[in-house]
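I open the notebook with the fold of one chain, then turn to one residue in it, and end with the interface.

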Amino acid sequence: MQLGELEIETSGTNPLRLVFRGKSNHREPESILRPFFADVLPHLDGPGAALEMHFEDLEFFNSSTITSIIHFIKDLSGRRVTTSITYDASRGGQKVFFDALRMLQKTDGLLKITPASP
Amino acid sequence: MKATTSSLSLAVVVRPEWGQAASLRNVVAALVKAASGDAEAAANAGMVACELAENAIKYGDWSNGGGFDFRLTVDGHEASVEVISPYDAASGSFERLGAILRAIEERSANDAYLARLAEVAEKSGETGRLGLLRIAHEVGARITAEIVDGTSCVRAKWRSGR
């Protein structure tokens, strides 16, 4: 899936794997990411559904993209999807953002946010 | 434009087209990387440039055409970006900007950013108002804003590099 300068590669079934690459700098990323995520969600409907999201190769994302990612994570939480997020801690912006995103983690352990192994 | 190994300045009038924000980010990051050799400082400067440019494009008054003034200065470890754009008082955008800056002052950049992320998470229709908080939180920038002669001037200053 190519969305402007952003590429999202989808593979696997359980876990379903989304790999984000390139740059997310659309004016209204919600308008393109929300339909994409809406298409993904039906594949994560059964018990034990799991999703991996990889952001290591995402070079840049603007602040508007943050909103879309958070809304998607909330949708996943509502469906009790086990979600694993991996990022590149050597990219300063990624480290700061994903550290902050840990605020969405709950005691149910469904959301894991971890830096990629060096 | 002037660049040496220890200082860098760039002043340019930018057309208010969305793609120009990404262009600015690329140029600014490349200049800072060339001047400092510091990839993280370059990425930070590019991010600040992009967020402030996006705000100018979104909220500036472009009814009479024109562009916005963009200025980058790096002097040793002191970096700043200034964006000056025409302002429509009826839009209320400067009041919203002021509220964001007050939130940073009253709490901290970290707390204000986390609070905004929590708001976004709680309300599905909630969007925007993250760019300035992100700048303040991610690079520790001090952000100021003022209205001068019908223009909005937003400045971010931060300590750059190792």
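I looked up the overall dimensions of chain A first: its radius of gyration, taken over C-alpha atoms, is 13 Å, which agrees with the value near 13 Å that a compact globule of 118 residues would have, the globule rule being 2.2 Å times the number of residues to the power 0.38. Along the principal axes, the C-alpha atoms of chain A fill a box of roughly 35 × 30 × 25 Å.

I note that this is a predicted model, in which local features need pLDDT of at least 70 and side-chain atom pairs count only at pLDDT 80 or more, while totals for chains, interfaces and linings use all residues. Residues are numbered from 1 along each chain as its sequence is written, chains are lettered from A and ligands numbered from 1 in the order in which they are written, and side-chain values use heavy atoms, with hydrogens and water left out.

For the fold, I find three helices and six strands in chain A, with helices (H or I, at least four residues) and strands (E, at least two) being DSSP runs numbered from the N terminus. Their order along the sequence is β-β-β-α-β-α-β-α-β. Among contacts (heavy atoms within 4.5 Å) in chain A with a separation of 6 or more, 70% are between residues 24 or more positions apart. Of the 118 residues, 49% count as buried, meaning under 20% relative accessible area, with exposed over 50% and partly exposed in between (1.4 Å probe, protein chains only).

Is S68(A) buried or exposed? S68(A), in helix α2 of chain A, counts as buried because its relative accessibility is 3%. Leaving out residues up to four places away in sequence, S68(A) touches P29(A), E30(A), L33(A) and F37(A). With E30(A), the side chain of S68(A) makes a polar contact of 2.7 Å, a term for a pair of N or O atoms within 3.5 Å where, within protein, one must be able to donate a hydrogen and the other to accept it, and residues adjacent in sequence count only if both atoms are side-chain atoms.

I then turned to the interface, where 22 residues from chain A meet 28 residues from chain B. The buried area between chain A and chain B is about 2100 Å², 59% of it from carbon and sulfur atoms, and this is the accessible area (1.4 Å probe) that two parts lose on being put together, summed over both. I find one salt bridge between chain A and chain B, a side-chain nitrogen of Lys or Arg within 4 Å of a carboxyl oxygen of Asp or Glu: K74(A) pairs with E122(B), with the closest N and O atoms 3.8 Å apart.
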